[in-house]
Amino acid sequence: MKQVITVVGIAVIIMLVSLAILSVESRSDREEELTRAVSAAVKQAVSHSQVKEQKEIHSNDELIAQFINLLSTNINSDGSLEIEVLDVDYKNGMLDVSVTEKFQYPNGKEAEISVRKCAIYE
C-alpha cells in the first residue's frame with residue numbers, strides 16, 4: 001500500500017511539473033511567433049506601398065488592410081488578436097502598430113502578449 005501511494009504521489013508531481021513546463025513553453029513560443037509575424041507583416045506592407053506602379057495600396061486604409069492580411073497569413077496560433085494602428089502614412093511608407101494576442105494556458109488561465117513594431121521605408 002505504501003508503494004502505491006508513493007507511485008501515485010510521484011505521478012501527480014510529474015504531471016504538475018509537466019504542466020508548468022508546458023505553460024512556460026507555450027508563452028515563449030507564442031511570443032516568438034507574434035514578434036516574428038508582426039515584424040514581417042509590417043516590413044512587407046510598407047515595402048509593398050512604396051513599389052512604383054503598384055496597384056494595391058492607394059490610401060492609409062489599404063496599407064492597414066494589407067498589413068492585416070499579411071499578419072493573418074503568418075500567424076498559426078489560436079489566440080485572439082487585437083490590432084491598434086498608432087500611426088500610418090502610405091505615401092512616405094510608415095506604419096506603427098501594436099498587436100495584442102490573448103490566449104489560454106492548458107490549465108485554463110488567460111494571458112496576453114503585446115508587440116509594438118514600427119517600420120519606415122528607406
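These exercises walk through a predicted model, each with a worked solution.

Residues are numbered from 1 along each chain as its sequence is written. Local features need pLDDT of at least 70, side-chain atom pairs count only at pLDDT 80 or more, totals for chains, interfaces and linings use all residues, and side-chain values use heavy atoms, without hydrogens and water.

**Exercise 1. Find the elements with the lowest and the highest mean pLDDT.**

Step 1. pLDDT is the predictor's confidence in each residue, from 0 to 100. The protein averages 88, and 100% of the residues score at least 70.

Step 2. Helices (H or I, at least four residues) and strands (E, at least two) are DSSP runs, numbered from the N terminus. Helix H1 has the lowest mean, 88. Strand S2, residues 94-104, has the highest, 93.

**Exercise 2. Trace the salt bridges of arginine 30.**

Step 1. A salt bridge is a side-chain nitrogen of Lys or Arg within 4 Å of a carboxyl oxygen of Asp or Glu. The structure holds three.

Step 2. Aspartate 78 bridges to arginine 30, with the closest N and O atoms 2.8 Å apart. Aspartate 78 sits in the loop between H2 and strand S1 (80-89), while arginine 30 is in helix H1, 48 residues apart.

Step 3. Glutamate 101 also pairs with arginine 30, at 3.1 Å from N to O. Here strand S2 is linked to helix H1, across 71 residues.

**Exercise 3. Describe the salt bridge between aspartate 96 and arginine 116.**

Step 1. Their side chains meet at 2.6 Å, N to O. Aspartate 96 lies in strand S2 and arginine 116 in strand S3, so the pair ties together parts 20 residues apart in sequence.

Step 2. Aspartate 96 is buried at 8%. Arginine 116 is exposed at 56%.

**Exercise 4. Which residues touch the most other members of the largest nonpolar core?**

Step 1. A nonpolar core is a set of buried Ala, Val, Leu, Ile, Met, Phe, Trp, Tyr and Cys residues joined through side-chain atoms within 4.5 Å.

Step 2. Val38, Phe67, Leu71 and Leu95 do, out of 24 residues. H1 supplies the largest share of this core, seven residues.

Definitions and conventions. Buried < 20%, exposed > 50% of the residue type's maximum accessible area, 1.4 Å probe, protein only.
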